[in-house]
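Take a look at the model below.

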Amino acid sequence: MDYSTHLLIIAMEEAGEFIQACSKVYRHNGGDHEIKCLSEEVGDVQALINLLTEKGLIDLNVANDKRIKREHKLRGATIDLPNLPLPYPRGDNNESRENCG
């Protein structure tokens, strides 16, 4: 396996861990531990973005243009969602919360 393929696979794994960390922040009402774990996952994703950029697999000019458009769109969005029941209770589950990974 070449280095670029290896980086892409690791990036996919890190993106999945980032998604899981986002979910845990939501489920645990943004507890300190969950926020720390989410922050660590962001660092992992940022590292992979940097490495993929060094390999020429990401164009940061394109990424930055997209980032600016997305931020503008999300900052201007006001969404009123119905108060729907959650698929599971927030904050009270028995998952081990000691480690971030």
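What follows covers salt bridges and then a pocket.

This is a predicted model, in which local features need pLDDT of at least 70 and side-chain atom pairs count only at pLDDT 80 or more, while totals for chains, interfaces and linings use all residues. Residues are numbered from 1 along each chain as its sequence is written, and side-chain values use heavy atoms, with hydrogens and water left out.

Start with charge. Side chains of opposite charge can pair when their charged atoms come close. A salt bridge here is a side-chain nitrogen of Lys or Arg within 4 Å of a carboxyl oxygen of Asp or Glu. That rule gives three salt bridges.

Go to helix α2, residues 32–54. Helices are DSSP runs (H or I, at least four residues), numbered from the N terminus. Lys-36 and Glu-40 form a salt bridge, with 2.4 Å from N to O. The two residues sit four apart in α2, about one turn of the helix. How open are they? Buried means under 20% relative accessible area, exposed means over 50%, and partly exposed lies in between (1.4 Å probe, protein chains only). Lys-36 has 46% and is partly exposed. Glu-40, at 35%, is partly exposed too.

Now move to helix α3, residues 60–76. Arg-67 and Glu-71 are four residues apart there, about one helical turn. Their side chains meet in a salt bridge at 3.0 Å, N to O. Arg-67 is partly exposed at 37%, and Glu-71 is partly exposed at 27%.

Glu-71 also has a salt bridge with Arg-75, at 3.4 Å from N to O. Again the spacing in α3 is four residues, about one turn. Arg-75 is exposed, with a relative accessible area of 67%. Shared partners join Arg-67, Glu-71 and Arg-75 into one network of salt bridges.

A pocket is an open set of points on a 1 Å grid over the protein atoms alone, where a 1.4 Å probe fits, with protein on both sides within 12 Å along at least five of seven lines; lining residues have an atom within 4 Å of a point.

Which residues line the largest pocket? They are Ile-49, Ile-58, Leu-60, Ala-63, Asn-64 and Arg-67. Helix α3 gives the most to this lining, with four residues. By class, the lining has four nonpolar residues, one polar and one charged. Ala, Val, Leu, Ile, Met, Phe, Trp, Tyr, Cys and Pro count as nonpolar, Asp, Glu, Lys and Arg as charged, and the others, Gly among them, as polar.
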